[in-house]
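Hello,

Here is the structure we talked about. Please have a look, then read my notes below.

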Amino acid sequence: MTVTSTCCLAATVLALAACYPGPVDPVGIPQAPAPYVRAPYVQQVTDSSAWVLWMSQPGSADTAWFRAPDVDSVWIRAEVEDHRYGTRRAALGPLPLSSTVQYVVSAAGTRMGPHEFHTGPAAGTSGEDMRVLLFGDSGWGGPEQIDLARQMQRLDWDLSIHVGDIAYNDGAEDEFTERHFRVYARTLASTPIYPAVGNHDIRADGGRSYDGAFLWPEPFSGARYYSFRRGRVLFVSIDTSSKTEEVAGLRSGEGRQLTWLAETLREASVDSTVDWIVTLMHHPLYSHAGGISGHGLDRNLRNELLPLFERYGVDLVTAGHDHHYERTYPLRDGRRVEPGCGPVHVLSGGGGGSMYARDVTTSPLAANARRVYEFVELTIGKNTIKGRTIGRQGEVIDEFTVRRYAGTETGLTDTCSE
Ligand SMILES: [Fe+2]
């Protein structure tokens, strides 16, 4: 592929942000069989329901079926409906708790599956340790992304959180198809992905393709931010990228999203059935990249969000945007604190987008900061979140443990007090 955009030429000259040539054929990754455009993938898997989405040629006669083999071997037909912008979907349920579910989709007689996924434990109960895939800034279709995708599919995930910039360069429909759904087809068939929208994801058509690709529990119609529970974990996805007043308001201390976020975190901080709060968003509050080695932290965003996270006890803050890996020590008031006394920030922007020109700098706040392609495996248990950061060849780049942080609102433990 030799096509190079004006944007890419400028980026090459300046050695600045990532720009990518036109359609790339992800080498060695098969396309979805016709008439599928995107193979089936699961979304919004709860303790009692799930969705399966796919994209097929217009006019294709499609059906979907599911069963929970440990409970009943009978296949149940699910109703197929249009989702958004060419994507189709079927609701699966009611489903049993903490169970394996199988599903099959048939498009014009071409069957895919059965695939399997696992329903969650009842909200508020802990169940087994939860395995979460964290990655970001991934979708170019290049060899680094494909190597990581192959490592991801060796593992069994309960869910995935993606911190944005899913489909370079502009979030166009064919970029989502080729550089996300095709590359991760095996993982996405069994792993519900929960995205945070990135700046590249909404360039092509204001985010229409992004909106069509995923399904999330919208607190307000059209909002790209949301929260969801699984077991005793609250995940909060924050929109830092859309060109709307309420996203701008996140950086100036006003607007509906900020009000919603503060209330969501406040409620969780006093909810005895929530052990962990994990946030995901594209723009980082801490980043040691800067200048020609990346974007660096978003200072206005940090000024508004960090006080909320530290007050209401966010345990783990995840982000991307800068194309490297970085993990801070537990931090509060801009200083390193003991484990369990402040949030840990993990920047996972090494999902496949091109590395920036220079290595990242570091500081006493960063426990690990490296210019490397990676994704993160989070194992969330009762008292700890264990993290393992994995590279292209499956090598372990970092290992860490996050301990529960109560937040200043409910009172710090003696260990954390000054
Ligand atoms: Fe970005």
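**What turned up**

C341 has a relative accessibility of 2%, so this cysteine counts as buried. Please keep in mind that the model is predicted.

C341 has a partner. Its sulfur lies 2.0 Å from that of C416, and the two form a disulfide. The structure holds one disulfide. The torsion about the S-S bond of C341 and C416 is about -80 degrees, so the disulfide is left-handed. C341 lies in the loop between β18 (335-336) and β19 (344-348), while C416 is in the segment after β23 (396-403), so the bond ties together parts 75 residues apart in sequence. C416 is at 9% relative accessible area, so C416 is buried.

Next, the metal. Which residues coordinate the iron ion? They are D165 (OD), N199 (OD1), H282 (NE2) and H321 (ND1), at 2.2 to 2.3 Å. The angles among the four donor atoms run from 85 to 162 degrees, and the site is irregular. Along the sequence, the spacing of the donor residues is D-x33-N-x82-H-x38-H. The pair H282 and H321 links distant parts of the chain, 39 residues apart. H282 sits in the loop between β14 (276-280) and α8 (299-312). H321 sits in the loop between β15 (316-319) and β16 (325-328). Both H282 and H321 are buried.

Now the aromatics. A search of the whole structure gives 15 aromatic pairs. Take F135 and Y184: the ring centres are 5.2 Å apart and the planes stand at 65 degrees, so this pair is edge-to-face. F135 is in strand β9 (residues 130-135) and Y184 in the loop between α3 (173-181) and α4 (185-188), so the pair ties together parts 49 residues apart in sequence. F135 and Y184 are both buried.

F181 and F214 have ring centres 5.9 Å apart and planes at 35 degrees, so that pair is tilted. F181 lies in helix α3 and F214 in the loop between α5 (208-213) and β12 (226-230), so parts 33 residues apart in sequence are tied together. F181 is at 4% relative accessibility, so F181 counts as buried. F214 is buried too, with a relative accessible area of 0%. Ring pairs also link residues into a cluster, with F181, F214, W216 and F235 among them.

Last, two arginines over rings. R302 lies over the face of Y286, 4.6 Å from the ring centre. R336 lies over the face of Y329, at 3.5 Å from the ring centre.

Best wishes

Note on methods:
Residues numbered from 1 in each chain as written. Predicted model: local features only at pLDDT ≥ 70, side-chain atom pairs only at ≥ 80, totals over all residues. Heavy atoms only, no water. Donors = N, O, S within 2.8 Å, 3.2 Å for Na, K, Ca; no water. Tetrahedral: all angles 85-135°; square planar, octahedral: opposite > 155°, others 65-115°. Helix = DSSP H or I, 4+ residues; strand = E, 2+ residues; numbered from the N terminus. Buried < 20%, exposed > 50% of the residue type's maximum accessible area, 1.4 Å probe, protein only. Disulfide = S-S within 2.5 Å. Phe/Tyr/Trp six-rings, centres within 6.5 Å; stacked < 30°, edge-to-face > 60°. Lys NZ or Arg CZ within 6 Å of the ring centre and 35° of its normal.
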